[in-house]
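Here are my notes for your first look at this model. Keep the structure open and take the points in order.

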Amino acid sequence: MSKHHISFTLNGDPTEVLCDTQTTLLEVLRDELELTGTKEGCSTGDCGACSVTVDGRLVCSCLMLGVEAQGKSIGTIEGMAVGDKLHPLQQKFLEHHALQCGICTPGILVASKALLEKNPNPTETEVRYWLAGNLCRCTGYDKIIRAVMDAAAEMRGA
Ligand code: FES
Ligand code: FES
């Protein structure tokens, strides 16, 4: 079967790839582009481990076809740090010990960044609701929520 040539922006860089019709965006990222920061958990849209942004909106990349990325702007965990400088959310996750195995962490960071870009001053309840689609089986959620709230405060200059 012939492959589709798709071009899109990935973490700010123009990107081109060949992919089959049925290949998911998650598979394109991990298998074709070797960006393995985006994790595969359930493959059914339930765990949030595969979260990326598409034109600024939070999306489960396991539920999106690679061909649907044509012309879009995709953001992944690899685009969060700037060189050696961690994003404030990444720094706060370290300080609050908000991760253990780390499988859920990229998705939670990408989702949290999308939240803070939309709402820089969320309540704890809003953070909990926003992250309800991101499952973590290791830490319990309190440290994750504390890290997001702390990062939000720092980013607001509070
Ligand atoms: S791997 Fe996509 S939501 Fe779980
Ligand atoms: S740190 Fe392991 S699933 Fe969240």
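Predicted model: local features only at pLDDT ≥ 70, side-chain atom pairs only at ≥ 80, totals over all residues.

1. Helix H5 covers residues 142–156. The axes of H2 and H5 come within 8 Å and cross at roughly 135°. An angle over 145 degrees would count as roughly antiparallel, and 65 to 115 as roughly perpendicular. The pair H2 and H5 is therefore oblique. Their crossing is right-handed.

2. Now look at who meets whom. H2 brings Pro88, Leu89, Lys92 and Phe93 to the contact. H5 brings Ile144, Ala147, Val148, Asp150, Ala151, Glu154 and Met155. The residues of this contact of H2 with H5 divide into 8 nonpolar, no polar and 3 charged.

3. Next, Thr76. Find this residue in the loop between strand S5 (73–75) and helix H2 (88–95). Is Thr76 buried or exposed? Thr76 has 4% relative accessibility. The cut-off for buried is under 20%, so Thr76 counts as buried. The side chain of Thr76 makes a polar contact of 2.7 Å with the side chain of Glu78. Leaving aside residues up to four places away in sequence, Thr76 touches Leu10, Asn11, Leu29, Leu35, Thr38, Val52 and Val110.

4. One of those neighbours of Thr76 is Asn11. Asn11 sits in the loop between strand S1 (4–10) and strand S2 (13–19). Most residues other than glycine have a negative phi. Asn11 has a positive phi of about 50°, although it is not a glycine. Its relative accessible area is 27%, so Asn11 is partly exposed.

5. His97 is not a glycine, yet its phi is positive, near 50°. With a relative accessible area of 56%, His97 is exposed. The cut-off for exposed is over 50%.

6. Last, Val59 in strand S4 (residues 57–60). Val59 has 22% relative accessibility, so this residue counts as partly exposed. Which residues does Val59 touch, not counting those up to four places away in sequence? They are Cys50, Ser51, Val52, Val54 and Met64.

Methods: Residues numbered from 1 in each chain as written. Chains lettered and ligands numbered in written order. Heavy atoms only, no water. Helix = DSSP H or I, 4+ residues; strand = E, 2+ residues; numbered from the N terminus. Buried < 20%, exposed > 50% of the residue type's maximum accessible area, 1.4 Å probe, protein only. Polar contact = N/O pair within 3.5 Å; in protein donor to acceptor, adjacent residues only side chain to side chain. Contact = heavy atoms within 4.5 Å. Axes fitted to C-alpha atoms, helices over the stretch in contact; angles between N-to-C directions. Parallel < 35°, antiparallel > 145°, perpendicular 65-115°, else oblique. Left-handed = near helix turned anticlockwise from the far one by under 90°. Nonpolar A, V, L, I, M, F, W, Y, C, P; charged D, E, K, R; others polar.
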